[in-house]
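Q: Could you walk me through this chain, from the overall fold down to single residues?

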Amino acid sequence: MGEQARVRSLEALRRVRAALIRFDEEARACISNVESEIQRVTSWLELERPLHFKREIRRREDLVEGARKEISRKQLIRAPEPASVVLERKVLRREQEALERCRTRLRALKVWTPQWQKEADLYRSAVAPLNDALYREIPAAVEQLDRMMDAIEGYWAIAAPETARVDEVTAALGGPAAGSGSEALPMRPREERIAKLRGWAPEPGVRRHMTVRGMPRQDWTTPPLRESDRIAVDRMGEAAVGREDIIVIASVGVTAMELFLVRGEPAERDGGGVDSGWYIGNAEHPDRTGGDIAVRVGELLAARPDLAELLTLPVGSLAVLGGGVLSAVLDADDRNIWKGSSL
């Protein structure tokens, strides 16, 4: 070979990889916090404040009417002599001003709420490229760095003086030689992190006793899975679930930026029905469940039809998605079998 590999530091690649993962985690947390704040302010503008001012207007209207009646009552009692109602008129004026302030603020809410929604939509549009980078480009870059480090380590292993000797000893012991392809590859740190999500799914004994409830009436934060990923994962599916089967969801999963779906063994439920084995949780903060709820698959798919193909993945599957992109699918042995779609 006339050329040599000019590799000066494998540690540099490791540092780049760690920096990418750290940026990915911090950026996702930041976007998640902003989205939570948007949801909080939206709820405050659309629900809390209008309800407050409507109640306050009704109360102030009653006070205004009471002040008017008090003036009439005092004038009637002192008739035919004129009665001083100066204080009562001051009270009436004060209540009328308070009533008008409440009405003005309610009118202002009707102006500012659409403006807030518009600004929130503009923000989401602006952050969409970053979301795509976080859920697709950065994981792909990390995997590419893993392959680069594997290649470099393999290159160094070829030149290592002890390699041949290790192969001879291994072969003598009846084991596979280095590079034979039969040894088990170690899990990547990203796969290790994803695999730990399995531990947050409730145990079968707990699922069996959960009461079936309706789907939360709230918009999902994670956008629908894109069509190309749905088509790609459909080719991997093999075990469909019934629409009357039960699926367990973390309550806060609805508002999570990134979701994970893990499938355990299906089982008969106490009192009848079938537990599909599927669990949907918050991939960013799996410890924040908000309480797990059991719903029927049909109700879930009515709210999120894009998840239909994912629910056909076999027992032991673990999928992670966010930003409309499927970023990983682990099989029962925690190997990432997701190659991505063509788009």
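This is a predicted model: local features need pLDDT of at least 70, side-chain atom pairs count only at pLDDT 80 or more; totals for chains, interfaces and linings use all residues.

A: Residues are numbered from 1 along each chain as its sequence is written, and side-chain values use heavy atoms, with hydrogens and water left out.

Q: Ok, how many helices and strands does the chain have?
A: There are 7 helices and 7 strands, taken as DSSP runs numbered from the N terminus (helices H or I, at least four residues; strands E, at least two). Along the sequence they follow the pattern α-α-α-α-α-α-β-β-β-β-β-α-β-β.

Q: And what share of the residues is buried?
A: Of the 343 residues, 37% are buried, where buried means under 20% relative accessible area, exposed over 50% and partly exposed in between, with a 1.4 Å probe and protein chains only.

Q: Which residues touch the most other members of the largest nonpolar core?
A: In that core of 28 residues they are Ile247, Ile280, Leu300, Leu310, Leu311, Leu321 and Leu326; a nonpolar core here is a set of buried Ala, Val, Leu, Ile, Met, Phe, Trp, Tyr and Cys residues joined through side-chain atoms within 4.5 Å.

Q: Which elements give two or more residues to it?
A: They are α6 (227–234), β1 (246–250), β2 (258–263), β4 (274–282), β5 (292–296), α7 (297–303), β6 (318–322) and β7 (325–330). The most comes from α7, with 3 residues. A second, separate core has 17 residues, among them Ala201, Phe260, Val262 and Tyr279.

Q: Back to Leu321, what does it touch?
A: Not counting residues up to four places away in sequence, Leu321 is in contact (heavy atoms within 4.5 Å) with Thr222, Leu225, Glu258, Leu259, Leu261, Arg304, Leu307, Leu310, Leu326 and Ser327.

Q: Which residues are closest to its centre?
A: Of the 24 lining residues, those are Glu35, Gln39, Arg124, Trp220 and Thr221. The elements giving two or more residues to the lining are α1 and α2 (86–159), and α2 gives the most, with 11 residues.

Q: Where is Arg103, and what does it contact?
A: Arg103 is found in helix α2 and counts as partly exposed because its relative accessible area is 32%. Leaving aside neighbours within four places in sequence, Arg103 is in contact with Ile57 and Glu61, and its C-alpha atom is separated by 7.6 Å from that of Phe53, 50 residues apart along the chain.

Q: What sits over the ring of Phe53?
A: The charged end of Arg49 does, 5.5 Å from the ring centre, under a rule that asks for NZ of Lys or CZ of Arg within 6 Å of the centre and within 35 degrees of the ring normal. Likewise, the charged end of Arg28 sits over the ring of Tyr135, 4.2 Å from its centre.

Q: Last one, is Asp334 buried or exposed?
A: Asp334 is buried, with a relative accessible area of 18%. This residue lies in the segment after β7, and Asp334 has a positive phi of about 65° although it is not a glycine.

Technical notes. On a 1 Å grid over the protein atoms alone, a cavity is a set of points where a 1.4 Å probe fits but cannot get out, and a pocket is an open set with protein on both sides within 12 Å along at least five of seven lines; lining residues have an atom within 4 Å of a point.
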